[in-house]
Amino acid sequence: MTYPYTMRPSELLCSRPQGLYCPPGDFFIDPVSPVDRALITHGHSDHARSGHRSVLATRETLDIMALRYGADFAGSSQAARLGETITLNGVAVSFHPAGHVLGSAQIAVKHNGLTIVASGDYKRQADPTCAAFEVVPCDVFITEATFALPVFRHPPAEDEIAKLLRSVQQFPERSHLVGAYALGKAQRVMRLLRDAGYDKPIYIHGAMAKISEYYQSQGIDLGQLEPATVETGTKADFAGAIVIGPPSTFSDRWARRFPDPVSCFASGWMRIRQRAKQGGVELPLIISDHGDWDELAVTIRETGAREIWVTHGREEALVRWCELEGLTAKPLHLIGYEDEGQ
Amino acid sequence: MNRFAELLDRLVLTPSRNGKLKLLTDYFRSVEDPDRGYALAAITGDLSIAAVKPAMLRALVTERMDPVLFGFAYDYVGDLAETVSLVWPTDPAALPNHVPTLSEVVAKLQAASRSDARQVLARLLDSAGISARFAIIKLVTGGLRIGVSARLAKQAVADLRPVDVSEIEELWHGLTPPYSALFAWLEGKSGKPERAAKALFRPVMLAHPAEDRDFEKLEPADYAAEWKWDGIRVQAASEGGVRRLYSRTGEDVAGAFPDLTDTIDFEAVLDGELLVGSPGATGTFSDLQQRLNRKSVSPKIQAQYPAFMRCYDLLQLGDEDLRALPFRERRARLEAFIKTLDPTRFDLSPFVEFTHWADLEKSRSNPPHPIIEGVMLKRWDSPYVAGRPKGPWFKWKRDPHTVDAVLMYAQRGHGKRSSFYSDYTFGVWSGPEGAEELVPVGKAYFGFTDEELKQIDKYVRDNTIERFGPVRSVRADRVAGLVLEVAFEGLNRSTRHKSGVAMRFPRISRLRWDKPTAEADRIETLQALLD
């Protein structure tokens, strides 16, 4: 394929062991090990690591990194305002909402008339806890592929929350333990519960206290959150309660303080029954912060990109789909990124 | 359809019996006729609709989407019904505003002929969402596989009023989907449905386990004793040309035992034990297993492992219901009646003679046949009543076998036990001296107290050597490990297990913290128990 541009896309962004690298701009996007200059899409720990010399990210992402790693998480940091163009060694970069978690952004990289958008993680379903995804027209679109199989079709998150509330009503003597990723998913579940009219206190695991507090400080009302500790009461107090914690804690002794818990897990993986069954999940909640198959397809079309780079996830199926659509596509092998909630 | 689909989704992931009952009862209470009745029929396996082969399903979907993408999807999910329900392409704009109800789905599928079943299925799938599609596919491919037995579903229905489940079982074979009269009765809107059909099931009389202190109060002369045969408790009912062979819970198992059913050519209802072999040469439990869990049986298997019935009781003879008579009289009628039956298919359960309880204790401990699991005590004056009344009948089982095994793997439990390692796989030693290794021989998840569970859980967490998902592999070698005394009812040969044996009803009887692992049992000890 020949390009009408003065440079090839791989000269503008390419894969290096540390992550996605821009040679003319001399910066990395979401590098997995310390570098001089890092542009960071969002605050999840596999994308936002500490120890870079300088970091450029949205205000919220910088705040979240400081919460997680301490104020000295990087040598220096600069906040990128959404939509604003910043020039790095002659390369124009801009941040645009990705709809993944609070502060998440796609990064558009423009040079010599060629635009590449690195989307980071994204979703299209409405999320009351972060800005909605914005389509950025581009020549090359780098898409995630976490749920890039036609079996992944996320239902509206509200329906899943309704399912949870029905179960709470049906089993009032049991507590409902909802496993949710500490940044983003947990707060989205809280907010959705509030939107559904649930106004009782939500009990949370200590690991998500700081982040949830931060969300509240940014004007996202999560209602009354209480620590899920027994010091404040007895086991029976948790009957009928909704408790949110990181999924890994449910197999810990921590979970024993709750009466006959119904184990729930909020994740796109819960679409697959066997997956729920293996994890001992009784009530799967298909709520994902990643786009499902249809969202990925629609997004790729809307960007108007002629070339698609597919990364972290099930690249194979999405590359196949792009080929059927007449688009050039290739898997972009980046290492060190995790699946949702794994 | 959506409510039924959600019910299925919840049931398949709910491990506890009570949780399942609650989900089912709530469903039957909140859903109207005839939908709930068809749901009940689907769960009990009483719904007959056009069957669709997996190959047809696959063809339908690959006509509608790229086969390569379908291949990726199917490889990932592993289950055809689930994959198709998820990938089925729909046009959101073309979706009808009405998702078909379960009864509409059933009606369409029942009306479909063999030639248009394919078309009907495709249209139904077009009109439904993901969960509903999954439920529809499960209906047409047969077998919901949601971990709910027909018995449990009937229990949930009985809980509506509530009535004893035996009342439902007794009526069951006279009812047809969608069971509107049954629900009306349970909701107090009409009287109990009449026992309309012929050869209906009579709820079975069961026995309480006898405990040592029971015998102080019991008079040996009041009781008859019989061997307790470890086959399948059955009821042979025949009336006006209708022949049925019921299981203990009232399911008709005649299809699996055509050889026996063919000889039910009388006008009576018999209670007894289904065994294999012949009255003169009773087969072992392994022989019996050759006839279990089969949908159809080849003539060869029927000839090799013929089924016969060892009769305990006579409940009905001609028009006469004998259940209110004392056991002594029923037995006399049975002895006379059995002489009129095919002697290769029916025989009489013999009495065990005794004067004192001590005599019986001796017989109980040394039964003359490996398929005997103890003795039964029946009061001479007891009528035949449904359920498990305390006093008239006792079962006095042989003591269980025990083996000292070493804990090898532990798996997390469910519900209350989801943070505990509560399911244990244990093994015994095999191989030559100096090179012994553990082979797993079974798995048990009860028999211990809550306190012991905490202790084992701590032991598992402190001695984990590897993890695979919810399973931990625990240190177990000649020097270190935890010895469990495991009690079990018997052993079967197994080709599925590396050890070649499978335990029946294993449970942890004691924790042997004191016992060095090297002194645990060897596989030869178990092999010697195989019959």
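The legends below describe close-up views of a predicted model.

Residues are numbered from 1 along each chain as its sequence is written, while chains are lettered from A, and ligands numbered from 1, in the order in which they are written. Because the model is predicted, local features need pLDDT of at least 70 and side-chain atom pairs count only at pLDDT 80 or more, whereas totals for chains, interfaces and linings use all residues.

**View 1. Chain B as a whole.**
Chain B has 20 helices and 20 strands; both are DSSP runs numbered from the N terminus, helices being H or I with at least four residues and strands being E with at least two. The radius of gyration of chain B, taken over C-alpha atoms, is 27 Å. The C-alpha trace of chain B spans about 80 × 70 × 45 Å along its principal axes. Buried residues account for 38% of the 531 residues. A residue is buried if 20 or more other C-beta atoms lie within 10 Å of its own, exposed if 12 or fewer do, and partly exposed in between, with C-beta atoms placed from the backbone. Two residues are in contact if their C-beta atoms, again placed from the backbone, lie within 7 Å. Among contacts in chain B between residues at least 6 apart in sequence, 69% join residues at least 24 apart.

**View 2. Helix α9 of chain B.**
Helix α9(B) covers residues 130-141, and its end C-alpha atoms are 16 Å apart. The expected span is 1.5 Å times one less than the number of residues; for the 12 residues of α9(B) this should be 16 Å, which agrees. Nine of the 12 residues are buried, so α9(B) is largely enclosed by the rest of the structure. Among the buried residues are Phe134(B), Ile136(B), Ile137(B) and Leu139(B), and also Arg133(B) and Lys138(B). The buried residues of α9(B) pack against several helices of chain B, including α1 (2-13), α3 (35-44) and α8 (117-127). After α9(B) comes Gly142(B), which has a positive phi near 80 degrees.

**View 3. Strand β3 of chain B and its partners.**
Strand β3(B) (residues 232-239) has six of its eight residues buried, so β3(B) is largely enclosed by the rest of the structure. Two strands pair if DSSP finds at least two bridges between them. Strand β5(B) (residues 268-278) runs antiparallel to β3(B) and is joined to it by seven bridges; one of the bridge pairs is Ser238(B) with Ala268(B). Strand β4(B) (residues 242-247) is also antiparallel to β3(B), with six bridges between them, and here Val234(B) is the bridge partner of Ser247(B). β3(B) and β4(B) form a hairpin with two residues between them, and Gly240(B) in the turn has a positive phi of about 50 degrees.

**View 4. Domains 2 and 3 of chain B.**
Chain B is divided into domain 1 (2-141), domain 2 (208-397) and domain 3 (401-527), with bounds that come from an automatic or database domain assignment. The C-alpha centres of domain 2 and domain 3 of chain B lie 35 Å apart. Four residues from domain 2 and four residues from domain 3 take part in the contact. On the domain 2 side, helix α15 (residues 285-289) of chain B gives the most, with three residues.

**View 5. Ser509 of chain B.**
Ser509(B) lies in strand β20(B) (residues 507-512). With 17 C-beta neighbours inside 10 Å, Ser509(B) counts as partly exposed. Ser509(B) touches Thr402(B), Gly447(B), Glu485(B), Val486(B) and Ala487(B), not counting residues up to four places away in sequence. Phe488(B) is 21 residues from Ser509(B) along the chain, and their C-alpha atoms are separated by 9.2 Å.

**View 6. Leu20 of chain A.**
Leu20(A) is in strand β2 (residues 19-22) of chain A. Leu20(A) is buried, with 23 other C-beta atoms within 10 Å. Although Leu20(A) and Ala118(A) are 98 residues apart in sequence, their C-alpha atoms are 9.1 Å apart in space.

Methods. The radius of gyration is taken over C-alpha atoms; the globule rule is 2.2 Å times the number of residues to the power 0.38.
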